Amino acid sequence: MAKTRVLDSTERAVGTRHANGALDLARRLPRLTIEARRIAATAAHGIHGRRQAGQGESFWQFRTFTSGEPASRIDWRRSARDDRHYVREREWEAAHTVWMWIDRSASMGYASTLAQAPKVDRALVLGLALADLLVRGGERVGHLGLTTPLASRSIVDRLAEALAADRLPLDLPPAVTLAPMTEAVLISDCLSPPADIAARINGLSARGARGHVVMVLDPVEETFPFEGQAVLAELEGGETLRVGDAGAFRERVLARLEAHRAALREACAGRGWTFAVHRTDRPVSDALLALAARIADRGDLSARTGTGG
Amino acid sequence: MFEFLPLGFSAPAVLLAAAALPALWLLLRVTPPQPRRIDFPPLRLILDLVPQQQTPARTPWWLLALRLLIAGFVILAMAGPIWNAGKPGAAGAGPLLLIVDDGWAAAGDWTDRVAAAESLIRGAARDGRAVAIAGTGEVAPEIPLGDAGAALDRLRALVPVPHTPDRLAAVLPLQRFLDREKTAEIVWVSDGMTAGGGAGFVAALGRLAAGRPITVLTATAARPLALAGVENSAAGLGTRVLRAEANGRDTGVIRASDRRGLPLGEAPFAFAGSATEARALLTLPVDLRNEIARLDIVGERTAGAVALVDESNRRRRIGLVSGGTADTAQPLLSPTYYVARALGPYADLREPRMGPAEAIRVLLDERVSMLVLADIGTLPADLRQRLATYVDEGGLVLRFAGNRLAAATNDDLVPVRLRRGGRALGGALSWDTPRTLAPFERSSPFFGLTLPKDVGITRQLLAEPDLDLPRKTWAALADGTPIITAERRGQGLVVLVHVTADTTWSNLPLSGLFVDMLRRVVNLAGVSDGQARAASGAPVSVAALRTLDGFGAFRSPPATARPIALTGSLIATQDHPPGFYGSPDAPVAVNTLSGDATLARLDSGPLGARIEPLVRPAPLDLRPWLIAAALFGFALDTLAVLWLSGRLTMRRTRRTAATAAAVVLLAGLGSLQQPSPAGAQTPPAPAAGQRPAMSPKETDAALATRFAYVLSGDTSVDETSRAGLAGLSSFLSVRTALDPAEPAGVDPARDELSVYPLIYWPIVAGRPLPGETAIRRLDDFMKGGGTVIFDTRDAMTSRPGAAPTPETQALRQILAGIAVPQLEPIPRDHVITKAFYLIDTFPGRYTEGQTWIEALPREGPDAERPARAGDGVSPIIITGNDLAAAWATGRRGEPLYPLVPGGPRQRELAFRGGVNIAMYALTGNYKADQVHVPALLERLGQ
């Protein structure tokens, strides 16, 4: 039977191991994969074309020269073809802001013998590595309620400092509304009632911000591999439940957890957010790759459909 | 308390503690096992779920039952339970009649029988009953009834008899006793075997008992094993092992010992399933086998488990000598063929392939027990003397007539005087039809054999009509002419068959009678005078020498042992205990069981008796078992508590258990599969010595005739060899019917050589010598009929008498490891000079070199022929003329090397020499035989 371990608050605190782990993971992530995705999706992250003329590097269109403009804007090569003067316009390109929120509540400090790492470790490493990846790709990343969006090369250390200084970790992200054209990444075990979580997602996305929810779970929480007589104990509220035969209880527990996950998925889908489950017995790089891919896909999708415009 | 069970307690008071079990029940009920705490973060989501299975507030009933069981075991164990504690009670009030089977079959568990009888007598003594004892082996006319003390004395005086008892003889005394004692109770200690009138005795006893209580004490399964039917075959000394029924003694060992009791060998036997008969075969050398005097079943101490072996079971060694030349190619014409076929199954034949006198000497040195001389004529005087001594000392000489014997003079090794010359019947000069045999006289050892009608004698040797001729005659023709005569000389016997051993004079050797007669003659070899006389019909009795007791041990003959008549059956009875009889030199064996005896279980059901086992099982203390059961229960309880508290994952243990079960099952299957018959197994792995697969090169070489050259490692030499052989090949295909394929370069160390008829080996000085493998393969190639041309290519540089050239030295080193035949320069009449072209030299690039070939025999029948050849092809040809350079041609047919001294004629001759060498290598001595064709045609024309 799987043994479980509960981390106390000092163990849950953000430390250098998370920062180092995140940096290590981000460095390990094959950069070429990211590059390839960016080329394929035009603008996975970094400088995103806004499908309109503006500040940028890429050619957008030629338009006729209107008087009053500086003569230096005239594209002489094009203008030499006929009698009119043309101005070469470039596509407006600007950087994204990604808001991140990493759950560090008591229920995250949990590990079973089936898992590779405690949930909180996994969430922090995943979040920090994603931040590093995004910043290197040219985005700005901030932590909801803790920092402003940053594009610093030492984003991991900056976020880690801010997280470490936060002594009151909450179960749910702060009830703020994000600006349009931003994205949110929530990394949590999502063990709060689904209605609360749905309310926060709705609040965050009230002005059109998109987001991604990553549910970090211990394998024990998904399979409930217990047998025999047991007292189940909760970590935050302190409730207990006595079961005569945990094995016979399993099916109903699993059904309930599945329903919970379905509710979360529903809430995300309703706002156009993505939802994914990461189990701590899987390698963290899997989750990071999948998340990066989803962010890239979303960026492309938003650009193509023009909803962000 | 447990009258119906054979169970007793040494401390029954402890059982009262069982009353405390209900208290334990109450105590155990209220202490359920402790649940386990599991931290589970998503609990908040499932808090409202009510668990289907509630926490057991109390100990589950089965755990309670288990614990009560443990407590019960402990209480029972403390009370000291003993199984089979009870003693059999004796019943009845009248006198007790004990019938004790004391045949050989009772000897195996005799002490058990005596103990059972003794306990019965002691029981009777306690009850003050009178006891009578009757043995079935040695029957007394009157059965005395006495007190228990006297009965015990009589019981101790009983010993098993070594023969099969005649139980029916005991019926009459029993009847008298039972008529006298109306209230007697009968107890029969039975050996459980039918042998000795068992069924009749059961019927008679049932009739006599007439309502009296009868108890039969018998073993649950008849224990005895017995030996019978010793047979000395070609494979070994075989014997039958008997038992009455399956009794768990399925395997055992037969031990053979000689006359002095020294063990000679052992053989295992095994009963198949519930078979009652098995065979054991002692495979020993014949000499050792003939020493065997006694066979025992190891560990079985009864007279029935002993088989005594005498002369009649000896396997005799017979020497065959024929006067004619032994022609192994036509065995049917060999004079000794029929004798050998007739005697082969019964004796070991020795037939030296040498001259008759030598053969007889060898056989006499080998001390054969019988000598068969088929048509031997005059022998040297010293050999005659040796044969006479041999007969005097007990040897048997069986002679067959023939032309040589008919022509011999002064031959005194015949039983009767012979008239010179023979008698022919039914021949061209005779009007008589072939004679048949007359019925055998009573004094003849052949008496009793049936005469086939179709035996006919056409020619025979005639005996002079002496006075004692009828006495010496063993078999005669229908007209009274003796056909087989014999005479005893000293210890031995001379027998003469007046016809040949083959079918030229009669068809007697073709008949089955011949086999029977020879077998009887063989049985006479080495037997004592008395037996021989007995065999000839006179009633002879011999006294006991050493006899067996009931336990199968030798002892002096008892006073009751009487001489046994050799003519009757040699089976032990009360008067003739088993053992050796007769003279110490050639004793006669009398065995307990006849050769075809079988054993069977006696069914004592018709008696209607109470059947009780002979041996009661010993009391068994149940305490350790109960304590072990309690400990096992404790272990189960611990596991159950662990499981109840969730500290033991059922799923994992289940999986482990399944894995373990699978492993055990597989192992079982594997062990079952192991002794499967060889036919079901996969084909055996290739043996270490098996040839490797053929390479494509070898396949090509085998599909088309081609010449090979040895790769010297020097490219220019190799290229010359290749071009030379290619040139020779194209020359051959133009001029002859031979069309060789492209020559192949071979490395003797690696390539298979046997696919090439001819190998050209240019010697290059300074190259490393071929290795051990290469030399061995080359030797094999040469021995297998291949020809190797060694070309030292040094005819320019070598001078006769000068120091050998480097190439010659290299060649000598190569040939040092090969068996090279004697060599000679090719003589003018060698077949190689005539194999295709008529040539006398073998020039190559040079002409001075000498060509050597295997020397031909100078003498012999074909020494004067115009062409001579040995039996095969010369394995080696050595030249120094650099043949390949002369044969070497370019792609357009142009010669590659100039010749010394030169000229087209020399090149033509070089090619012709090559053609001759190739033809010689391929056809051998064919041309030498062709030389005779004109002479043969000339003869045919006449």
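This is a predicted model: local features need pLDDT of at least 70, side-chain atom pairs count only at pLDDT 80 or more; totals for chains, interfaces and linings use all residues.
**Ground rules**

Residues are numbered from 1 along each chain as its sequence is written, and chains are lettered from A and ligands numbered from 1 in the order in which they are written.

**Entry 1: chain A overall**

I looked up the secondary structure of chain A and got ten helices and twelve strands. Helices (H or I, at least four residues) and strands (E, at least two) are DSSP runs, numbered from the N terminus. Of its 309 residues, 40% are buried. Buried means that 20 or more other C-beta atoms lie within 10 Å of the residue's own, exposed means 12 or fewer, and partly exposed is in between, with C-beta atoms placed from the backbone. I then checked contacts (C-beta atoms, placed from the backbone, within 7 Å). Taking pairs at least 6 apart in sequence in chain A, 75% of the contacts join residues at least 24 apart.

The mean pLDDT of chain A is 79, and 83% of the residues score at least 70. Helix α3 (residues 31-40) of chain A has the lowest confidence there, with a mean of 40, and strand β12 (residues 274-279) of chain A has the highest, at 92. I noted that residues 30-47 of chain A fall below 50, though this stretch has 34 contacts in the model beyond near neighbours in sequence. Residues 300-309 of chain A are also below 50, with 17 such contacts.

**Entry 2: chain B overall**

Chain B comes to 25 helices and 39 strands. I find 38% of its 942 residues counted as buried. Of the contacts in chain B with a separation of 6 or more, 76% are between residues 24 or more positions apart.

**Entry 3: where A meets B**

Chain A puts 33 residues into the contact and chain B puts in 27. On the chain A side, the elements giving two or more residues are β1 (4-6), β10 (230-233), β11 (240-243) and α9 (246-270). Which of them gives the largest share? That is α9(A), with eight residues. By type, I get 17 nonpolar, seven polar and nine charged residues on this side of chain A.

I followed β10(A) next, and found an open sheet of three strands in the order β11(A)-β10(A)-β2(B), with mixed pairing. β11 of chain A and β2 of chain B are at the edges with a single partner strand each, so one side of each has no neighbour in the sheet. From one strand to the next the twist averages 25°, with axes as lines fitted to C-alpha atoms and angles from 0 to 180 degrees between N-to-C directions. Strands count as paired if DSSP finds at least two bridges between them. β10(A) and β2(B) (residues 36-39) run parallel and share four bridges, with A:A233 opposite B:D39. β10(A) and β11(A) are antiparallel, also over four bridges, and A:A230 has A:V243 as its bridge partner.

**Entry 4: helix α6 of chain B**

In α6(B) (residues 171-180), I see B:V171, B:L174 and B:F177 buried. Why are they on the same side of α6(B)? Because they cover an arc of only 125° around the axis, taken from the directions from the helix axis to the C-beta atoms. Their cover includes β4 (96-100), β5 (131-135) and α7 (198-209) of chain B. On the face turned away from the buried side, B:L172, B:D179 and B:R180 are exposed.

**Entry 5: more strands in chain B**

β13(B) (residues 277-282) has B:A278, B:A280 and B:L282 on its covered face, and B:E277, B:R279 and B:L281 on the uncovered one. It runs antiparallel to β10(B) (residues 237-243), with six bridges joining the two; B:A280 is the bridge partner of B:T239.

I also checked a four-stranded open sheet in chain B, β27-β26-β29-β30, with antiparallel pairing. β27 (554-555) and β30 (588-590) of chain B are its edges, each with a single partner strand, so one side of each is without a neighbour in the sheet. β26(B) (residues 544-548) has two bridges to β27(B), and B:T547 pairs with B:R555.

Note on methods
Two residues are in contact if their C-beta atoms, placed from the backbone, lie within 7 Å. Ala, Val, Leu, Ile, Met, Phe, Trp, Tyr, Cys and Pro count as nonpolar, Asp, Glu, Lys and Arg as charged, and the others, Gly among them, as polar. pLDDT is the predictor's confidence in each residue, from 0 to 100.
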